[in-house]
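Trainee: I have a model open and I'd like to learn how to read its features. Can you walk me through it?

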Amino acid sequence: MAERLASWSHAVRAYLLIAGMWVRSTMTYRASFVLMAVGNCLASALDFVAILLMFSHIDALGGFTLPEIALLYGATCTSFGLADLILGNAERVGQRVRDGTFDTLLVRPVPVLAQVAADRFALRRLGRIAQGLAVLGWGVAAADVAWTPLKALFLLVTVVAGAAIFCAVFLAGAAFQFWAADASEVANSFTYGGVTMLQYPPTVFARDLVRGVTFVVPLAFVNWLPVLRLLGRDDPLHLPGWVSLCGPLVAVLLLGLTGLVWRAGLRSYRSTGS
Amino acid sequence: MRLYAAVAVSGFRRHATYRVATAAGVFTNTVFGFILAYTFIALWDERPHLGGYDQGQALTFVWVGQALLAAVSLMGGGFEQELQERIRNGDIAVDLYRPADLQLWWLSADLGRAGFQLLGRGVVPLAAGALCFELTLPTAPLRWLLFLCAVTLAVVVGFALRYLMALGAFWLLDNAGVLMVGQLLSLFFSGMLLPLTVFPGTFGDVAQALPWAAVFQVPVDVLLGRYAGTGLAGALGFQAGWAALLLALGRLTQARATRKAVVQGG
Amino acid sequence: MGKEPATDDKAFIELDGLEKVFQVRRRAGLLRRERREVRAVDGISFRVPRGEIVGYIGPNGAGKSTTIKMLTGILMPSGGRLRVAGIDPTRDRTRLARRIGVVFGQRTTLWWDLPLRDSYGLVRRMYRIPDARYRANMERCVDLLDLGDLLDVPVRQLSLGQRMRGDIAAALLHDPDVLYLDEPTIGLDVVSKAKVRGFLRDLNAERGTTVLLTTHDLTDIEQLCGRVMVIDHGRLVYDGALDGLHKVGESERMLVVDLERELPPIDDVPGTRVDRVEGPRQWLAFPAARSAAPIVAAVAERYPLVDLSVREPDIEQVIARLYADRPGL
């Protein structure tokens with residue numbers, strides 16, 4: 001146990017070291033960094049602007065008011081932004097395999113995953129988190145929820161668990177590249193596609209699609225189920241109430257599972273060299 | 001002229017070799033098509049005839065959007081990264097001495113790429129959308145022909161915009177930020193996220209006059225039959241006008257950049 | 001760090017029937033795919049004692065880099081046994097990483113946009129090198145590899161040779177027992193090549209570092225390696241001193257002369273033969289073991305010279321001759 005803990009702390013330390021190097025590297029192009037950070041914030045804000053434009057014509061979408069949608073949107077964007085910051089560049093592993101630089105990661109006394117996760121670490125992604133938090137804050141203030149400390153804690157746990165779920169999706173996408181680097185864009189369906197979908201209420205989508213993101217790729221636990229609970233609404237699948245509390249559990253299971261997939265992928269690389 | 005045709009063909013071929021990546025892109029476009037289609041259905045359920053579209057037209061808007069996304073490079077991914085890199089590492093000097101026009105060269109290559117992506121990444125998502133939703137696609141061949149013209153002009157306008165942005169690398173050591181902002185502008189003001197006709201008041205009017213409207217909104221409206229007679233000529237003229245203006249601006253910038261490069265010795 | 005495993009200094013690197021088989025899938029027709037086995041490394045055995053410098057050479061695709069990748073733990077062998085410093089690279093990749101240094105010729109591990117110094121700082125913390133040792137090693141590398149003026153320069157501004165020296169230093173800060181070098185002098189100018197070679201010789205003499213290097217440059221081998229291994233089609237075809245290889249291969253160097261005008265082939269310089277004539281340029285081959293000086297003098301005396309250069313025999317040629325002379329190989 002102690003040994004395992006030591007190796008984890010070693011991995012985290014290595015991650016922070018490499019991330020720090022990338023931060024310093026990007027700071028050599030300061031103007032570009034500022035532009036990219038603002039751009040990152042705007043990129044995710046535009047989705048919300050589109051929602052605002054929609055609400056200039058309507059009062060409710062799928063039965064949800066603007067503050068309610070802001071809550072959904074803010075929660076998922078913050079979670080996604082955190083995951084993107086922590087692990088968003090792991091997908092570059094495919095590029096590294098192709099150009100041969102992946103090998104240089106394997107001859108260092110540091111877990112490969114820590115090195116891959118920190119690859120091209122980009123502080124500009126704070127822009128997206130900031131934007132998500134701003135909308136979330138507005139949603140919290142404006143939505144019709146009687147906030148208690150317990151509910152606030154629940155929201156916080158939800159955002160963190162949501163980030164963990166998105167991390168698992170990013171990790172799976174990275175591992176997938178050991179087998180099919182050319183198909184890396186498929187991962188975008190689940191990451192960017194997922195975050196786009198979760199910005200809208202589940203009532204908007206076909207029942208089967210909602211089932212898919214609940215039971216197959218459990219993105220519904222990122223924000224849909226917990227936020228519906230906060231808003232006191234039933235989910236379209238009429239699941240028992242305790243299911244909406246399972247976010248953290250789902251996150252841990254998913255991370256464990258994708259961790260195994262990553263190891264299998266790395267093993268496959270080490271045996272085939274491609 | 002023969003030279004540029006050959007460049008275009010090689011641009012087409014080059015992208016045709018990425019089969020798996022193309023399939024992956026088609027998959028992602030289709031997934032996004034589904035997600036956006038449902039949000040549009042919800043929106044048009046609340047407000048039928050929003051922006052002058054009925055629900056079938058709105059859904060057509062979504063799926064044509066996914067079909068054109070790669071061809072008109074709304075999310076970038078065309079030639080601009082490569083051009084920027086060549087400027088950054090100085091290889092551009094070699095290009096400038098070639099007996100071919102730099103802008104025309106890249107334009108031909110980009111047209112070739114767009115040609116492939118229109119087929120490779122456009123047909124399947126649109127077919128998937130037409131199978132699963134009720135789209136209002138025209139049956140008259142002439143309308144499709146006009147649509148093709150509008151798409152070609154859209155590709156040229158999109159090219160001219162990105163060419164201008166990539167030239168920024170002559171002045172900035174790291175031009176990635178400029179390209180990113182350019183991409184955001186194109187995504188939002190092309191009507192890809194939401195039709196520009198839904199944008200309110202003056203903001204909407206201004207958005208419809210900007211060059212990005214020529215990249216996406218106009219071709220879709222041509223396909224949906226929103227223009228007829230002189231209106232149609234006006235729409236294509238609007239695209240052609242922006243194309244000419246932006247290409248000219250690109251040439252001007254290129255000339256200044258070249259002078260600068262020559263003075264600095266590459 | 002755990003206890004160091006018992007090592008046998010006579011077999012510091014030990015390969016026993018090492019194999020690597022790749023499955024290659026190839027498109028054969030529209031949908032059909034063919035599976036084919038490629039034996040990249042086909043039963044290689046050798047031992048390298050501690051402190052030896054070994055040249056590992058062969059044509060492209062012979063299995064050189066596949067072997068190195070297995071020795072460093074990047075790839076897992078399909079068969080055979082493998083030990084480096086008493087460690088099984090397949091199972092203990094990370095532990096092995098602390099004992100070895102790797103320089104991949106054209107893939108720098110240095111940080112492009114940061115001063116050279118920063119890359120070393122990262123190495124220090126990744127390998128957890130104690131302060132005193134780090135300072136001593138830095139001083140040594142900076143001194144011998146002439147890096148003093150470069151430490152505060154962003155890596156992107158370094159020349160290829162400077163970067164290679166920087167990379168070699170980065171691979172040595174943690175005092176590895178084994179150093180793998182993949183084409184360490186490729187693309188370098190003559191001065192840089194000499195510096196790199198000199199440094200490697202000193203390192204080996206003073207620290208007893210075991211060095212395994214792949215190269216296309218026969219001079220690297222001549223000046224550094226007491227022992228050469230030649231690999232082809234995944235098999236070891238020669239293992240011994242370079243002299244032996246020379247004798248077997250009878251390799252030649254080439255004197256390239258540019259004359260003032262087109263002249264008939266130069267046939268009156270003893271010990272040479274004309275290999276090629278192209279207008280005013282002629283190629284004179286002479287045995288690699290002979291000094292070029294008297295030949296140059298003889299040519300200069302009799303012919304109107306504009307320019308000349310000496311080309312070292314390259315590995316591919318030596319190997320090609322090896323085959324020509326021993327067809328049964």
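What follows is a talk through chain C, with a brief stop at chain A.

Mentor: Ground rules first: this is a predicted model, where local features need pLDDT of at least 70, side-chain atom pairs count only at pLDDT 80 or more, and totals for chains, interfaces and linings use all residues. Residues are numbered from 1 along each chain as its sequence is written, chains are lettered from A and ligands numbered from 1 in the order in which they are written, and side-chain values use heavy atoms, with hydrogens and water left out.

Trainee: How many helices and strands does chain C have?

Mentor: Helices (H or I, at least four residues) and strands (E, at least two) are DSSP runs, numbered from the N terminus. On that count, chain C has 10 helices and 13 strands.

Trainee: And what share of chain C is buried?

Mentor: Buried is under 20% relative accessible area, exposed is over 50%, and partly exposed is in between (1.4 Å probe, protein chains only). Of the 329 residues in chain C, 50% are buried. Take contact as heavy atoms within 4.5 Å: among chain C contacts between residues at least 6 apart in sequence, 71% join residues at least 24 apart.

Trainee: What is the strand order in the open sheet of 6 strands?

Mentor: Two strands pair if DSSP finds at least two bridges between them. Here the order in chain C is E5-E6-E7-E3-E8-E9, with mixed pairing. Strand E5 (100-104) and strand E9 (235-240) of chain C are the edges, each pairing on one side only. For angles, axes are lines fitted to C-alpha atoms, for helices over the stretch in contact, and angles run from 0 to 180 degrees between N-to-C directions. The twist averages 15° from one strand to the next. Inside the sheet, E3 (53-57) and E7 (210-214) of chain C are parallel over 3 bridges, and Gly55(C) stands opposite Leu213(C) in E7(C). H5(C) packs on this sheet, touching E5 and E6 of chain C, and its direction makes about 160° with that of E5(C).

Trainee: How is the open sheet of 4 strands paired?

Mentor: Its pairing is antiparallel, in the order E11-E12-E10-E13 (chain C). The edge strands are E11 (273-278) and E13 (305-311) of chain C. E10 (252-259) and E13 of chain C pair over 6 bridges, with Asp258(C) opposite Asp307(C) in E13(C). Helix H9 (293-302) of chain C lies across E10, E12 (281-287) and E13 of chain C, at about 25° to E10(C).

Trainee: Which value of phi does Asp175(C) have?

Mentor: Most residues other than glycine have a negative phi. Asp175(C), not a glycine, has a positive phi of about 55°. Asp175(C) sits in the loop between H5 (160-172) and E6 (178-182) of chain C, and is partly exposed at 25% relative accessibility. Glu183(C) also has a positive phi, near 50°. Its place is the loop between E6 and H6 (190-207) of chain C, and at 11% relative accessibility Glu183(C) counts as buried.

Trainee: Last stop, chain A: where is Val157(A) found?

Mentor: Val157(A) is in helix H8 (149-176) of chain A, and is partly exposed, with a relative accessible area of 35%.
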